[in-house]
Amino acid sequence: QIWLTTALSTPATPEVAKATLKRVGGAVPSAQVAGHITLKAVCVDRASGRTIHSITLFEVHEPVTICATNSYASPTPVVEAGRLYCDFGQMGTACVDTASGKILWRRHLPADHQVGPGSSAMLYGDLLVLVRDGCDMQYVIAIEKQSGKTVWRTDRPPIKATAAPLKKAFSTPLVFDSPVGRQMVVLGAQWIVSYDPDSGRPFWRIDTGGTFSNTSRPVFGHGMVFVCTSFGGSKLFAVRVDGRDDVTDTHIAWEQSRQVPKRSSPLLVGDELYTISDAGVATCFDARSGSIHWSERILGNCSASPVLADGRIYFCDEDGKTVVLEPSREFTLLAKNELDGQIMASLAIAGRAIFLRTDTHLYRIEEK
């Protein structure tokens, strides 16, 4: 089975649309306004592409505005044996039985995203971890995956910015085992923070300055986490993870500001770290030192993160193009491909198959 989320929308009335656009003004770039949306989980048969389930999870009247590059169903769902977890930010979180399609529980966890939801849920043991970095409140919360009940909730560190839009972020947590124990790193506005995933207790934090709307998910390796910030100062940070409390002045191993993506996440392969900028420039960094091995423009505008599969790195742009590179300190192009439609989502890999979602179709690509 392949599971995905989707949103079906009906337009707002001209009066509602006009009032909403006047209210958000220039705060939401190319704001999109819906009168009503139906948020759904869809299950597709992997072999045939046939739809098995189409489950309505939430009906939302006059939903939040979204920006032109977002959707109402941007967060990636999480699946495990027998259960699916779908998060739509402030519009709702739901758990579904994957065999019957029955909704097992639903929650509403508040936060004003301003431009729509973006952070994806993460499963950790018996916990479902969610990030709510809104304009009005910022916190990380872990709920019991069986019941949806809160296990712990931790507020984010204080943010210096006074303007509400500069407090929001959209990153997804990463849990890893480090030499000093298990950690969960979450990027938010101004701060990179490491938590104990079992209790929510903070370990260490890095002040990134006035950064906000951060979307990149961290990656871990070589005793460091690698994190890309977004607006307010796009930088790639390599942070040693053995600190405590505020380690801004002591634990940044290196940082780079050249061709850092605002949307996509970095990819670590061995000793090399790969990124794709919003403008389609791919860069290979030395993960230990931060030096650049190569940097090449390979695509147009990009939102999807690079993916490693079968010894190849796949990069996609918003015009439906995919470029395949060999992971190497030398730039080595292996293939170029193109599909109709817009690609905003990262590729999903299952077995020998690539599942690729455009704005019009879901594709399965696999050698026969």
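**Cavities, a pocket and their surroundings**

Reply: The chain exposes about 16100 Å², and carbon and sulfur atoms supply 49% of that area. Keep in mind that this is a predicted model.

Background first. In secondary structure, the chain comes to 1 helix and 31 strands. Its C-alpha trace spans about 50 × 50 × 45 Å along the principal axes. A compact globule with 368 residues would have a radius of gyration near 21 Å, and the chain's 20 Å agrees with that. Of the 368 residues, 52% count as buried. As for contacts with a separation of 6 or more, 50% of them are between residues 24 or more positions apart.

The largest cavity holds about 60 Å³ of space. Its lining consists of Pro75, Asp87, Gly89, His113, Pro117, Gly118, Ser119, Val131, Arg132, Asp133, Ala169 and Phe170. Strand β9 (residues 127–133) gives the most to this lining, with 3 residues. Sorted by class, the lining of the largest cavity has 5 nonpolar, 4 polar and 3 charged residues.

The second largest cavity has about 40 Å³ of space. Here the lining residues are Asp133, Gln138, Arg156, Pro157, Ile159, Lys167, Gly188, Ala189, Trp191 and Val193. They divide into 5 nonpolar, 2 polar and 3 charged. If you're selecting residues in a viewer, Asp133 is worth a click: it is in the lining of the largest cavity and also in that of the second largest cavity.

Val115 sits in the loop between β7 (103–107) and β8 (122–124). With a relative accessibility of 8%, Val115 counts as buried, because the cut-off for that is under 20%. Leaving out residues up to four places away in sequence, Val115 touches Val28, Pro29, Thr65, Ile66, Cys67, Asn70, Lys168 and Phe170. Phe170, one of those partners, is also among the residues that line the largest cavity. For a sense of distance, Val115 and Val140 are 25 residues apart in sequence and 19 Å apart in space, C-alpha to C-alpha.

On to the open site. The second largest pocket contains about 500 Å³ of space. It is lined by 20 residues, and those closest to its centre are Tyr314, Arg352, Ile354, Ile365 and Glu366. Four elements are listed as giving two or more residues to this lining: β26 (312–316), β27 (321–325), β28 (333–338) and β30 (353–357). Of the elements, β30 gives the most, with 3 residues. By class, the pocket lining has 10 nonpolar, 4 polar and 6 charged residues.

The place of Lys262 is in the loop between β20 (252–256) and β21 (267–269). Its relative accessible area is 27%, so Lys262 is partly exposed. Apart from neighbours within four places in sequence, Lys262 is in contact with Thr215, Thr229, Ser230, Phe231, Ser234 and Asp278. Take Thr215 from that list: Thr215 and Lys262 are 47 residues apart along the chain, yet their C-alpha atoms are separated by 7.0 Å.

Last, a couple of backbone spots to check. Most residues other than glycine have a negative phi. Glu62, although not a glycine, has a positive phi of about 50°. Glu62 lies in the loop between β3 (51–61) and β4 (78–80), and is partly exposed, with a relative accessible area of 46%. Asp245 also has a positive phi, near 65°. Asp245 is found in a strand, β19 (residues 245–246).

Methods: Residues numbered from 1 in each chain as written. Predicted model: local features only at pLDDT ≥ 70, side-chain atom pairs only at ≥ 80, totals over all residues. Heavy atoms only, no water. 1 Å grid on protein atoms, 1.4 Å probe; cavity = no way out; pocket = protein on both sides within 12 Å on 5 of 7 lines; lining within 4 Å. Points joined across faces, edges and corners; volume = space filled by probe spheres on them. Nonpolar A, V, L, I, M, F, W, Y, C, P; charged D, E, K, R; others polar. Rg over C-alpha atoms; globule rule 2.2 N^0.38 Å. Buried < 20%, exposed > 50% of the residue type's maximum accessible area, 1.4 Å probe, protein only. Contact = heavy atoms within 4.5 Å. Areas by Shrake-Rupley, 256 points an atom, 1.4 Å probe, with all protein chains shown as cover.
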